[in-house]
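Good morning, and thank you for making time for this presentation.

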Amino acid sequence: GAAVMSAWGAWCKKHGFAFRGMQENDLIAAGAAGGLAAAFNAPLAGAFFAMEVVLVDFTVDAFTFVVLACVSSTVLSHHLLGTSLSLSLPALNLAGTAQLGGVAALGVLGGLTGAGFSRCRYLSADAVSAGADRLQLPLWARPAVGGLLVGGLLLGIPSMYGESSAVLGRALDGRYPALVLAGLVLAKIVATSVTLAVGMPGGVFAPSLFIGGMLGACFGTFVAPDRPHAAAVFGVLGMGAVFSGAARAPITGIVLIIEMTGEYNLLTPLMLAVVLATVTGRFLTCSTIYTEELRRRGEDVEDPMSTTLLGRTRASQLMIDPPAVVQATATVHQAAALMSRHGASVLPVVRARNDDTRELLGCVTAAQLTAALLGDEADDAVDDAPLATTVAELPLVSDRLSREAEATDVLEALTR
């Protein structure tokens, strides 16, 4: 959905079409939300996914476009595919509040697994890129070699193919022992990471849900082997936990699992598991599985300064030529007249060198010149201190900043 809307937005921009109040990012977010809503029959989760993950911001205009996309795609999906839930499960509930300790443990474990999945995905990409460069493989041959690797893995473990919804259903029914479920978690992480590393199309949304379902079912089978629905209960909770640990989108994780399963009785424990997974993932990683690629390109979409007025502007971008320059030998009266003529409050003071260059001594402010002029007109000076006759004798502002200093450093220097 995001790719289609991005291509359409580029086409509209190229041919001069524009939508009032809509930006290209809004189109991409609407496409992603609509695709998720149709694929998982989860319109509300699609809207929150676009706001939490794609836009990382909330505006009324963007939310309007996103909701319209979710509604239209969901209605079309209902007409074509029906209105059944993504996962058909029996009515589930947590057996007493004593089980919340296990839910909390699963939340932390899900956060660790989600962060590990994100790490493995990009480490695999680095390893494949380094190996291909070492072997001097051309770009066109890399997907072919990667296809052989992924195909061999699928021949060994066919359950990893595609979304593996049938395998997930059997796992939630408690048909697999804990050891097999743990193996499926690791195998899916490796298979998805290798697939994306070799440049094949794919995503991490559905794999994260599968990994979470396997992890939760394994956890439930291990901690409550005597309960018939333990694998299903903890499997559903694990889906939300691993997704939130990898994507750090807690609202999306909660709403998505509820819309996919209809298990509203699990809302409270799901909230606990998702929040703990999100906190754990945030503690372990500085980016999400979606934003790590942008961070490697130097684009920090989660930087809190990026949405401020100045953002991460460098000092070199704020610099302008001064309206005038004061010579160090100029008198206070001459400097005051120059500053008044140009309407400036601060001017740089320079001193000529023997090699026809000039040395910056500092800056003189209007307040300093005013104080010097008032002292010159007074009948006597305080403590008989000698009055400055030239600008160089004033206590010039000598703070220095590099060209790469940020705008906040400039503001701090100006307010000192």
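Predicted model: local features only at pLDDT ≥ 70, side-chain atom pairs only at ≥ 80, totals over all residues.

**Packing of helices α11 and α12**

In α11, the residues P250, G253, I254, I257 and I258 meet L267, L270, M271, V274 and T278 of α12, where contact means heavy atoms within 4.5 Å. By class, this contact of α11 with α12 has eight nonpolar, two polar and no charged residues; Ala, Val, Leu, Ile, Met, Phe, Trp, Tyr, Cys and Pro count as nonpolar, Asp, Glu, Lys and Arg as charged, and the others, Gly among them, as polar.

Residues are numbered from 1 along each chain as its sequence is written, and side-chain values use heavy atoms, with hydrogens and water left out.

Two packed helices are described by the angle between their axes and the distance between the axes. Helix α11 covers residues 250-261 and helix α12 residues 267-284; they pack at an angle of about 145 degrees, with axes 9 Å apart. The axes are lines fitted to C-alpha atoms over the stretch in contact, and angles run from 0 to 180 degrees between N-to-C directions. Helices (H or I, at least four residues) and strands (E, at least two) are DSSP runs, numbered from the N terminus. The protein chain has 17 helices and three strands.

I turn now to the interior. Of the 416 residues in the protein chain, 41% are buried, that is, under 20% relative accessible area, with exposed over 50% and partly exposed in between (1.4 Å probe, protein chains only). A nonpolar core is a set of buried Ala, Val, Leu, Ile, Met, Phe, Trp, Tyr and Cys residues joined through side-chain atoms within 4.5 Å. The largest has 60 residues, of which F40, F205, L209, M214, L237 and L256 touch the most other members. Helix α10 (residues 230-247) gives the most to this core, with eleven residues. Leaving aside neighbours within four places in sequence, L237 is in contact with V103, L106, L266, P269, L270 and A273.

Lastly, which residues form a salt bridge with a closest N and O distance of 3.0 Å? They are E359 and R351; a salt bridge is a side-chain nitrogen of Lys or Arg within 4 Å of a carboxyl oxygen of Asp or Glu. E359 is partly exposed at 26% relative accessibility, and R351 is partly exposed at 42%.
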